[in-house]
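Hi everyone, thanks for coming. Today I'd like to walk you through one protein model, one piece at a time.

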Amino acid sequence: MSDSVNVVMGSAYLYVKAFHILFVASWFAGLFYLPRIYVNMAQETNPQVLERLLGMSFRLYRFMTILMVPAVILGLILWLYYGVGKGPGSGWMHAKLFLVFILLGYHHACGSIYKKFKAGINKRSHVWYRWFNEVPVIIFLIVSILVVVKPF
């Protein structure tokens with residue numbers, strides 16, 4: 001491979017990595033905020049305010065889904081095409097992928113919760129949603145350590 005090809009591939013890798021980080025951070029912003037809206041919805045008794053919160057949560061969930069797709073695709077490109085997390089000493093990547101699957105499930109659980117609020121059948125308290133809101137924070141912390149430290 002010529003030096004110019006290596007420079008182009010290296011540059012492309014850095015752009016893929018940068019955009020992966022950007023989309024993941026944006027997706028996480030939604031994962032952090034949407035359950036906070038659910039906390040407010042679980043406490044709300046005013047129908048007009050509840051309707052406004054339903055609209056906010058729907059738009060945020062839709063936007064989060066749009067952000068999630070390129071985050072996952074770019075992550076797969078980094079892993080499968082560029083080989084990030086492959087080879088010896090890549091146990092951290094397996095742990096990260098497991099947590100990404102958990103996050104995907106969490107994301108879809110947020111959509112299911114929205115549907116319950118929309119149908120007026122929410123059975124959970126604002127306290128439950130406060131705890132539910134901590135899940136992506138903990139996963140973000142663990143994934144950040146896995147990616148930076150690569151402990152195994």
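Is Ser57 buried or exposed? Its relative accessibility is 0%, and the cut-off for buried is under 20%, so Ser57 counts as buried. Before I go further, please keep in mind that this is a predicted model.

Where does Ser57 sit? You'll find Ser57 in helix α2. And what does Ser57 touch, if we don't count residues up to four places away in sequence? The list is Leu34, Ile37, Tyr38, Met41 and Tyr114.

Setting aside neighbours within four places in sequence, Tyr38 has contacts with Ser57, Cys110, Ile113, Tyr114, Phe117 and Tyr129.

Tyr38 also brings us to the nonpolar core. How many residues does the largest nonpolar core have? It has 31, and Trp27, Leu34 and Tyr38 are the ones with the most contacts inside it. At least two residues of this core come from each of α1 (3-43), α2 (47-81), α3 (91-119), α4 (126-132) and α5 (134-149). Which helix gives the most? That's α3, with eleven residues.

If you are new to helices, here is a handy rule. An α-helix has 3.6 residues a turn, so residues three or four places apart point the same way.

While we're on α3, let's check its length. This helix has 29 residues, and from its first C-alpha to its last it reaches 43 Å, close to the 42 Å expected at 1.5 Å a residue.

Met64 has a relative accessible area of 1%, so it is buried. Again leaving out neighbours within four places in sequence, its contacts are Trp27, Gly30, Leu31, Leu34 and His107. Met64 and Phe23 are 41 residues apart along the chain, with 9.6 Å between their C-alpha atoms.

Phe23 comes up again with another α2 residue, Gly75. Those two are 52 residues apart in sequence, yet their C-alpha atoms are 9.9 Å apart in space. Gly75 counts as buried too, because its relative accessibility is 18% and the limit is 20%.

How do we look for empty space at all? Rolling a probe the size of a water molecule over the atoms shows where empty space is left. The largest pocket here holds about 710 Å³ of space. It is lined by 29 residues, and the ones nearest its centre are His20, Val24, Gly75, Lys96 and Val147. Helices α1, α2, α3 and α5 each give two or more residues to that lining. What kinds of residues are they, by class? There are 23 nonpolar, three polar and three charged.

One last stop: the segment after α5, where Lys150 is found. Most residues other than glycine have a negative phi, and most peptide bonds are trans. Lys150 is not a glycine, but its phi is positive, near 50°. With 42% relative accessibility, Lys150 counts as partly exposed.

Notes
Residues are numbered from 1 along each chain as its sequence is written. This is a predicted model: local features need pLDDT of at least 70, side-chain atom pairs count only at pLDDT 80 or more; totals for chains, interfaces and linings use all residues. Side-chain values use heavy atoms; hydrogens and water are left out. A nonpolar core is a set of buried Ala, Val, Leu, Ile, Met, Phe, Trp, Tyr and Cys residues joined through side-chain atoms within 4.5 Å. Buried means under 20% relative accessible area, exposed over 50%, partly exposed in between (1.4 Å probe, protein chains only). Helices (H or I, at least four residues) and strands (E, at least two) are DSSP runs, numbered from the N terminus. Contact means heavy atoms within 4.5 Å. On a 1 Å grid over the protein atoms alone, a cavity is a set of points where a 1.4 Å probe fits but cannot get out, and a pocket is an open set with protein on both sides within 12 Å along at least five of seven lines; lining residues have an atom within 4 Å of a point. Grid points are joined across faces, edges and corners, and a volume is the space filled by probe spheres set on the points. Ala, Val, Leu, Ile, Met, Phe, Trp, Tyr, Cys and Pro count as nonpolar, Asp, Glu, Lys and Arg as charged, and the others, Gly among them, as polar. The expected span of a helix is 1.5 Å times one less than its number of residues.
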